[in-house]
Amino acid sequence: MATLSHFCAVKTPYPSLFKRNVHFPQLDFVATITFGSVQNKSVKASCCERVQRVICKAQAGDIIDPKQTKNESFGEGPGELTCVMKFGGSSVASAERMREVADLILSFPEERPVIVLSAMGKTTSNLLLAGEKAVSCGVSNVSELQELACIKELHLRTIEELGVESSTISKHLLELEQLLNGVAMMKELTPRTKDYLVSFGECMSTRLFTAYLNKLGVKALQYDAFEMGIITTDDFTNAEILEATYSAVAKRLTGDWMSDPAIPIVTGFLGKGWRTCAVTTLGRGGSDLTATTIGKALGLREIQVWKDVDGVLTCDPNIYPRAVSVPYLTFDEAAELAYFGAQVLHPQSMRPAREGDIPVRVKNSYNPKAPGTLIVKTRDMSKAVLTSIVLKRNVTMLDIASTRMLGQFGFLAKVFSIFEDLGISVDVVATSEVSISLTLDPSKLWSRELIQQASELDHVVEELEKIAVVNLLQNRSIISLIGNVQRSSLILEKAFHVLHTNGVNVQMISQGASKVNISLIVNDNEAEQCVRALHETFFESDLSELVWESPSGNGYVTTPLSTLAN
Ligand SMILES: Nc1ncnc2c1ncn2[C@@H]1O[C@H](COP(=O)(O)OP(=O)(O)O)[C@@H](O)[C@H]1O
Ligand SMILES: N[C@@H](CC(=O)OP(=O)(O)O)C(=O)O
């Protein structure tokens with residue numbers, strides 16, 4: 001055995017990845033190869049195989065000229081992974097859809113994608129329902145649960161229609177039923193068990209899809225995110241991704257790809273709690289976050305999220321079917337839109353993309369020709385007014401007025417420290433010196449039991465009443481107007497006109513520091529009507545003349561609305 005130290009021109013943000021022992025059977029020695037200094041990122045994934053070829057010609061102990069290595073070895077090979085393609089539940093809802101998704105992936109031969117998949121169709125919701133029913137149905141009735149039957153039927157039919165081995169997921173189907181039996185026996189479904197239970201959805205969809213690609217002769221490798229380096233907090237059902245994830249995922253995926261290239265097929269939505277080592281989930285819709293996390297980890301060129309709509313739309317199409325797709329968004333706009341309730345993107349999913357400055361493309365797997373929405377760091381806002389209208393329902397609002405005199409300092413700090421102590425986060429805030437109106441982040445409350453939510457709210461009010469007069473208002477909605485807040489006067493003028501015409505009273509208004517969002521709070525039962533009326537005015541109205549503030553700031557000019565819309 002001999003050791004060969006060698007530098008070749010390969011750029012990588014993860015140098016340790018490239019220091020490895022390689023056995024060369026032809027020479028019968030192991031070389032310790034240190035891939036060091038850094039020139040050309042595009043060759044990093046293929047270096048191993050090619051360097052092997054060069055080194056095979058060498059004698060043990062030889063120092064190889066880096067130039068020679070570069071010339072001779074970097075012409076061919078697998079190339080590096082180029083993008084992430086994430087397909088949501090609606091895109092992989094059946095065998096037919098899986099076939100179409102496979103065709104779609106293979107229709108981009110220039111791409112070397114990492115594929116992230118969600119569970120098939122409504123599998124996650126069915127798993128959760130089955131788990132909840134199992135708590136009280138009794139062990140002998142578990143096998144009769146309609147949701148379990150539905151999950152089994154869908155997956156077994158898919159196996160048959162794709163023509164893959166039933167052993168691909170037979171163990172998972174068996175274990176799933178055993179787990180539900182366990183829940184029925186224990187008569188409880190803890191958040192930890194819930195996460196383990198729903199993980200079966202992604203674990204099965206990715207195995208089926210990988211087997212299908214392999215059957216087509218396309219080399220693909222299945223990865224469970226919790227075994228692959230997605231490391232999270234231990235907040236079951238709503239875990240946060242930890243920083244260590246990025247290097248771990250890069251090491252695993254790039255390392256495997258370099259040594260034996262195969263399309264990685266990764267479970268979305270799942271992670272591994274760093275203390276418990278148990279399976280965690282990233283909150284409903286979390287596969288988007290898996291995709292952007294992998295995109296950032298590998299420094300990829302693009303992150304694609306494939307949905308069942310033509311991109312991010314001007315509003316929720318379930319509320320108003322005439323919504324149209326928005327061609328461009330900034331990360332800030334997309335993050336606000338997602339955070340304030342647009343189901344199309346996971347609330348946290350923009351963060352890794354923004355940090356890595358990696359464009360996110362939202363596309364329609366049912367209509368791949370549609371251009372979709374491109375989300376980037378900056379875009380030309382000079383003509384932008386309103387981009388999208390988002391509705392968040394079932395919000396709790398609190399009016400809090402200080403019992404002390406005007407000028408009392410520390411009031412806001414006291415109020416927010418109460419929320420901090422109780423671990424409740426706040427969404428929208430409007431303040432004066434002695435009063436605050438705010439809404440509570442429902443996602444933090446939704447993850448808890450209804451009864452727990454109610455007692456938590458009582459507790460918040462109790463604590464606040466020590467320093468203020470508190471009015472708790474439930475069944476409110478936040479309507480978020482995402483767009484160019486530089487045009488807030490125009491947006492508000494139009495919006496208030498529409499709401500006044502519809503007889504709606506706005507109970508609170510807030511314009512965030514993000515400069516992309518104005519939030520209006522209205523009653524739940526008026527909210528959908530408001531969204532429809534606002535959409536008609538901002539996106540469909542044939543108003544030819546509209547007064548708006550000039551971007552140059554020198555007064556008011558008259559501009560046709562059509563030229564302002566995106
Ligand atoms: N502003 C919006 N733009 C696009 N889709 C939206 C919007 N608001 C809500 N939706 C809903 O989000 C759905 C897509 O998100 P989701 O169901 O999470 O997709 P997938 O499961 O394919 O990842 C659409 O079918 C649509 O009904
Ligand atoms: N399957 C999970 C995760 C996910 O992201 O799904 P989808 O991509 O279908 O929204 C859920 O239903 O929440």
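Predicted model: local features only at pLDDT ≥ 70, side-chain atom pairs only at ≥ 80, totals over all residues.
1. **Surroundings of ligand 1.** Around ligand 1 there are 16 residues, and those that come nearest are Lys-86, Ser-90, Asp-308, Leu-313 and Asn-318. By residue class, the shell of ligand 1 consists of 6 nonpolar, 6 polar and 4 charged residues.

2. Gly-89 takes part through its backbone, with an N or O atom 3.5 Å from an oxygen atom of ligand 1. Taken alone, ligand 1 exposes 570 Å², of which the protein buries 88%.

3. **Surroundings of ligand 2.** The residues surrounding ligand 2 include Lys-86, Gly-88 and Gly-89, together with Thr-124, Glu-202, Phe-269 and Arg-284. The shell of ligand 2 divides into 2 nonpolar, 7 polar and 3 charged residues.

4. A polar atom in the side chain of Lys-86 is placed 2.7 Å from an oxygen atom of ligand 2. Two further pairs involve the backbone: an N or O atom of Ser-287 lies 3.0 Å from an oxygen atom of the ligand, and an N or O atom of Gly-286 lies 3.3 Å from an oxygen atom of the ligand. On its own, ligand 2 has 330 Å² of accessible area, and the protein covers 84% of this.

5. **The sheet of 8 strands.** This sheet is open, with mixed pairing, and its strands follow the order S5-S7-S4-S3-S10-S12-S13-S11. Why do S5 and S11 each have one side without a neighbour in the sheet? Strand S5 (220-223) and strand S11 (328-330) stand at the edges and each has a single partner strand, so one side of each is left without a neighbour. From one strand to the next, the twist averages 20°.

6. Strand S4 (residues 113-117) and strand S7 (residues 263-267) run parallel and are joined by 3 bridges, with Ile-115 standing opposite Ile-265 in S7. Helix H3 (residues 95-106) packs on the sheet, where it touches strand S3 (83-87), S4 and strand S10 (302-307), and its direction makes about 165° with that of S3. Helix H10 (residues 287-298) also packs on the sheet, touching S3, S4, S7, S10 and strand S12 (360-364), and its direction makes about 160° with that of S4.

7. **The sheet of 3 strands.** A further open sheet, again with mixed pairing, has the order S6-S8-S9. Its edge strands are strand S6 (231-232) and strand S9 (279-281), each of which pairs on one side only. S6 pairs with strand S8 (residues 270-273) in the parallel sense over 2 bridges; Ile-231 stands opposite Lys-272 in S8, while Thr-232 has Gly-273 as its bridge partner in that strand.

8. In which sense do S8 and S9 pair, parallel or antiparallel? Their pairing is antiparallel, over 3 bridges, and Leu-270 stands opposite Thr-281 in S9. The two strands form a hairpin with 5 residues between them, and in the turn Cys-277 has a positive phi of about 65°. Helix H7 (residues 191-215) lies across S8 and S9, running at about 80° to S9.

9. **Val-309.** This residue is placed in the loop between S10 and S11. Leaving aside residues up to four places away in sequence, Val-309 touches Pro-317, Val-344, Lys-363 and Asn-364.

Key
Residues numbered from 1 in each chain as written. Chains lettered and ligands numbered in written order. Heavy atoms only, no water. Near = heavy atom within 4 Å. Polar contact = N/O pair within 3.5 Å; in protein donor to acceptor, adjacent residues only side chain to side chain. Areas by Shrake-Rupley, 256 points an atom, 1.4 Å probe, with all protein chains shown as cover. Nonpolar A, V, L, I, M, F, W, Y, C, P; charged D, E, K, R; others polar. Pairing = 2+ DSSP bridges. Helix = DSSP H or I, 4+ residues; strand = E, 2+ residues; numbered from the N terminus. Axes fitted to C-alpha atoms, helices over the stretch in contact; angles between N-to-C directions. Contact = heavy atoms within 4.5 Å.
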